Amino acid sequence: MSEITPAPTVTALTIAGSDSSGGAGLQADLRAFNALDIHGASVVTLVTAQGTRGVRRVDPLRPELVRAQLDAIFDDLSVAAIKTGALGNAAVVEIVADALRSRKGVPLVLDPVINPTVGRTLLDDSGFAAFVRELLPQATLVAPNREEASRLAGRPLRTAAQARQACKAIAGLGAKSVLLKGGHFTGQESVDLLYDRGEFVELRAARVEVPPLHGLGCTLSALIAGLLARGEPLRAAVARAHAVLHHAIERPRRVGEGLALPGNLRMAVQATAAPDARAGTGGEGI
Ligand code: PXL
């Protein structure tokens, strides 16, 4: 009997917290990688206890255990892109930053998770300082929401002009590009603002009447990391991830009494594929 030799599979890595409800965190990241048909590896940084009504408890893992997971992956798997989510504290941030310093060519997407929509903090103050000092300078892209951008830039963020200034300030901290997500602003449209190599690109979407959703930031940054792993250029990856997420936002799902979730991502990937790719038979559609 002849054995089938599997082809090497594109692999992305998430370094993030576990969300027991399955909506955000590494569970959302792995779902996004899977929707793009790439393999997902995961380094768990912390464990949350939460349903859809908020985070009840957060326990960071022992730093040695985070390091052991990173070593096990980097000793063996070929990782084509990395994203980080909730990191918990400075000890974990430093271990992650250390491991990533020896993987300089690999695209790195940072979701600077600090506070969940409801519940306890996911990055303490010294962890935030370590994040700015050690991880931001390594980032291909950092994708803050309004509150995170305001904290990173050290100033309030109300107007469009302030949003642009904040992007520049955050790039000044060392990130190659910045995606300021518009979901937490108000207005008829949600505008995500990408600042990349000195230029701004606006990604606009009609604000849709949906219940408050959970896991959007994780999903977006994981989609971007996944597309970068597939070799997409940054701006194309951000635009495609934005379109995929928007499709899923328009089809929310309820799994509990609290926050709802974006809809099926695999369907969103297929529905937003270029028309010629959709017509093809391979089902690639990326
Ligand atoms: O959405 C940010 C986030 C990231 N990671 C984990 C979370 C949350 C929000 O609840 O629980 C583990």
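A salt bridge here is a side-chain nitrogen of Lys or Arg within 4 Å of a carboxyl oxygen of Asp or Glu. In this predicted model, Asp111 and Lys181 form such a pair, with their closest N and O atoms 3.6 Å apart. Asp111 sits in the loop between S5 and H4, and Lys181 in the loop between strand S7 (177–180) and S8, so the pair ties together parts that are 70 residues apart in sequence. Asp111 counts as buried, at 3% relative accessibility. Lys181 is buried too, with a relative accessible area of 11%.

**Overall fold**

The protein contains ten helices and nine strands. Its C-alpha trace spans about 65 × 45 × 45 Å along the principal axes. Take the contacts with a separation of 6 or more: residues 24 or more positions apart account for 68% of them.

**Salt bridges**

The whole structure holds 16 salt bridges. Side chains of opposite charge can pair when their charged atoms come close.

| Pair | Closest N to O distance |
|---|---|
| Asp111 and Lys181 | 3.6 Å |
| Asp125 and Arg151 | 3.2 Å |

Asp125 and Arg151 meet at 3.2 Å. This pair links distant parts of the chain: Asp125 lies in helix H4 and Arg151 in helix H5 (residues 146–153), 26 residues apart. Asp125 is exposed, with a relative accessible area of 58%. Arg151 is partly exposed, at 34%.

Asp196 counts as buried, at 4% relative accessibility. Arg235 is partly exposed, with a relative accessible area of 29%.

There is also a network of salt bridges. It links Glu94, Asp98, Arg101, Arg133 and Glu134.

Asp192 is placed in strand S8 (residues 189–196). Asp192 is buried yet has no salt bridge. Which side chain of opposite charge is nearest to Asp192? It is Lys181, 7.9 Å away. The cut-off for a salt bridge is 4 Å, so Lys181 does not qualify as a partner for Asp192 at 7.9 Å. Lys181 does form a salt bridge with Asp111. The side chain of Asp192 has a polar contact instead: one of its polar atoms lies 2.8 Å from the backbone nitrogen of Gly182.

**Helix H3**

Helix H3 (residues 90–101) has twelve residues. From its first C-alpha to its last it reaches 16 Å, close to the 16 Å expected at 1.5 Å a residue. At its start, a side-chain oxygen of Asn89 comes to within 3.3 Å of the backbone nitrogen of Ala91.

The buried residues of H3 are Ala90, Val92, Val93, Ile95, Val96, Ala97, Ala99 and Leu100. What do they pack against? Their neighbours include four strands by name: S1 (11–19), S2 (39–50), S4 (81–84) and S5 (108–110). Helices H2 (63–74) and H4 (125–135) are also packed against these buried residues.

Notes: Residues numbered from 1 in each chain as written. Predicted model: local features only at pLDDT ≥ 70, side-chain atom pairs only at ≥ 80, totals over all residues. Heavy atoms only, no water. Helix = DSSP H or I, 4+ residues; strand = E, 2+ residues; numbered from the N terminus. Expected span 1.5 Å × (residues − 1). Buried < 20%, exposed > 50% of the residue type's maximum accessible area, 1.4 Å probe, protein only. Contact = heavy atoms within 4.5 Å. Polar contact = N/O pair within 3.5 Å; in protein donor to acceptor, adjacent residues only side chain to side chain. Lys, Arg positive; Asp, Glu negative; His and termini not counted.
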